[in-house]
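Thank you all for coming; I would like to take a few minutes to walk through one structure with you. Please have a look at it first, and then we will go through it part by part.

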Amino acid sequence: MAQIFKPSANSITQVGLLSVAIGVPTLWLGIAGLSRSPANTKVQVPKNQPVPFSHQHHTWELGIDCRYCHTSVEKSSYAGLPATETCMSCHSQIWTNSPLLEPIRQSYETGMPIQWNLVNKVPDFVHFNHSIHVDRGINCNTCHGAVNQMHITYKGNSFQMAWCLQCHRAPERYLYKDDSASGKGLTPRQQVFNVYWKLQEFGPANLNDQEKDLVRGDYNGAQPWEQDKIAAGKKLVSEYGVKVQQLADCSVCHY
Ligand code: HEC
Ligand code: HEC
Ligand code: HEC
Ligand code: HEC
Ligand code: HEC
């Protein structure tokens with residue numbers, strides 16, 4: 001069974017949010033204080049894990065597809081974290097004596113899942129859904145930074161409201177299509193994963209501008225002077241049927 005995080009709805013913060021909507025300032029401050037706590041905003045700080053798992057080793061160097069481990073990322077709200085069995089599909093045969101893998105072997109023997117420490121989290125009163133973003137061709141690195149180059153995973157972006165809204169107010173700045181030979185005929189979703197494959201197969205020099213920024217973890221969308229990219233993005237917005245008018249409504253992320 002994949003380990004999937006399902007934070008249960010927190011009725012206190014929901015009530016808080018409702019009160020904010022009808023204008024109770026003390027609750028507003030309460031939630032604001034809570035959601036800006038350092039634990040929530042800390043970016044670029046590697047998080048201690050029971051096993052020092054390296055995305056750089058496994059995704060960039062070995063070329064394992066994200067979906068091999070994050071099995072539900074295309075289909076559900078949650079990406080999901082891999083079960084011990086997924087690690088053991090290789091590590092029952094290779095690196096079998098590594099002391100670093102001792103917790104994995106123990107977990108496999110005892111059936112007790114590994115407790116990974118969650119790096120990214122939005123508060124319970126915020127709704128997020130992986131599948132719809134991946135379906136629109138939004139790459140993991142747009143939100144998570146250069147995961148494929150991280151030795152120990154850290155948070156690539158703050159995930160504060162203003163950060164989400166930067167894209168929800170102008171998705172045309174962020175949507176793009178790979179027009180090269182290796183991108184022809186791909187669905188937006190396939191394109192998301194194709195970037196990692198291209199990087200491994202052809203090296204960074206053979207990626208397009210957007211993809212180069214993506215794999216470096218600093219893709220900030222098209223800038224105001226890049227009118228050609230914005231025009232291309234607008235075409236995709238209408239092609240994919242993105243509901244731009246409503247995308248920044250409170251009810252999209254809070255309900
Ligand atoms: C071999 C398995 C494996 C593969 C392949 C893999 N991951 Fe992971 N990923 C993990 C494990 C284990 C964790 C939890 C430990 C950690 O945070 O490093 C994780 C954590 C993450 C997190 C942080 C989750 C959190 O706690 O918030 C992100 C984001 C992520 N992976 C993205 C990716 C992306 C993008 C790819 C493909 C480029 C990928 N992963 C490929 C195993 C994998
Ligand atoms: C497809 C095969 C494969 C899978 C699946 C896989 N690994 Fe690995 N892993 C490797 C290989 C190959 C290496 C050696 C990489 C190197 O050092 O170049 C390695 C190395 C490691 C190391 C470093 C060991 C040492 O002593 O240096 C750790 C820790 C590790 N893997 C953890 C994990 C965890 C945790 C998972 C499951 C989330 C996992 N691996 C899944 C193939 C895999
Ligand atoms: C639009 C931004 C965005 C994109 C694109 C995105 N993520 Fe996430 N990811 C998030 C947010 C926000 C969270 C925290 C969600 C929460 O707390 O419910 C998260 C959490 C995670 C987690 C840990 C919790 C979980 O859902 O299991 C993993 C693993 C993860 N992402 C992997 C990926 C992978 C792999 C991809 C690409 C296939 C990806 N993400 C694409 C924003 C994004
Ligand atoms: C890079 C652009 C981008 C970023 C960043 C982003 N989103 Fe989105 N989001 C989109 C697009 C595009 C859609 C698809 C809308 C559509 O097709 O109508 C979407 C859809 C959604 C939906 C589903 C709406 C529905 O109709 O079901 C939710 C919820 C959502 N986003 C929440 C978030 C949250 C929360 C964050 C920040 C943590 C975030 N998004 C960051 C681009 C983005
Ligand atoms: C695209 C998703 C998205 C939309 C749309 C959105 N929010 Fe948020 N909101 C968030 C996220 C993510 C957080 C959590 C921020 C954090 O953890 O710092 C948040 C936090 C909040 C908070 C807590 C205080 C704070 O600033 O951190 C309030 C209040 C709030 N939102 C109200 C609103 C209202 C009112 C609207 C409509 C005008 C709205 N939100 C629209 C994503 C969204």
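Let me begin with a question: is Trp95 buried or exposed? Before I answer, please keep in mind that what you are looking at is a predicted model. Trp95 has 11 other C-beta atoms within 10 Å, and a residue counts as exposed if that number is 12 or fewer, so Trp95 is exposed. Trp95 is found in the loop between helix 6 (84-91) and helix 7, and although Trp95 is not a glycine, its phi is positive, at about 55°. As background, most residues other than glycine have a negative phi.

A second residue of this kind is Phe159, which is not a glycine and has a positive phi near 60°. Phe159 sits in the loop between helix 9 and helix 10, and with 20 other C-beta atoms within 10 Å, Phe159 is buried.

Let me now step back to the whole chain. The protein chain has 14 helices and 0 strands, and of its 255 residues, 20% count as buried. If we take the contacts in the protein chain with a separation of 6 or more, 70% of them come from residues 24 or more positions apart. Phe125 lies in the loop between helix 7 (102-110) and helix 8, and Phe125 counts as buried because it has 21 C-beta neighbours inside 10 Å.

If we leave out residues up to four places away in sequence, Leu199 touches Pro204, Leu207 and Val215.

Val215 brings us to helix 12, where Gln210, Glu211, Leu214 and Val215 are buried. Why do these residues lie on the same side of helix 12? They cover an arc of only 125° around the axis, and this places them on the same side of the helix. In general, an α-helix has 3.6 residues a turn, so residues three or four places apart point the same way. The cover over the buried residues of helix 12 includes helix 9 and helix 11, and helix 12 is followed by Gly217, whose phi is positive, near 80°.

Finally, let us turn to two of the ligands. Ligand 1 is surrounded by 22 residues, of which the closest are Cys66, Cys69, Asn120, Cys140 and Thr153. Helix 4 (55-61), helix 5 and helix 9 are the elements that give two or more residues to this shell, and its residues divide into 13 nonpolar, 9 polar and no charged.

Around ligand 4 there are 22 residues, and here the closest are Cys164, Cys167, Tyr174, Val242 and Lys243. The elements that give two or more residues to the shell of ligand 4 are helix 8 (130-135), helix 9 (140-144), helix 10 (161-168) and helix 14 (250-253), and helix 10 provides the largest share, 3 residues. The shell around ligand 4 consists of 15 nonpolar, 5 polar and 2 charged residues.

Methods:
Residues are numbered from 1 along each chain as its sequence is written. Chains are lettered from A and ligands numbered from 1 in the order in which they are written. This is a predicted model: local features need pLDDT of at least 70, side-chain atom pairs count only at pLDDT 80 or more; totals for chains, interfaces and linings use all residues. A residue is near a molecule or strand if its C-beta atom, placed from the backbone, lies within 6 Å of it. Helices (H or I, at least four residues) and strands (E, at least two) are DSSP runs, numbered from the N terminus. Ala, Val, Leu, Ile, Met, Phe, Trp, Tyr, Cys and Pro count as nonpolar, Asp, Glu, Lys and Arg as charged, and the others, Gly among them, as polar. Two residues are in contact if their C-beta atoms, placed from the backbone, lie within 7 Å. The arc is that of the directions from the helix axis to the C-beta atoms.
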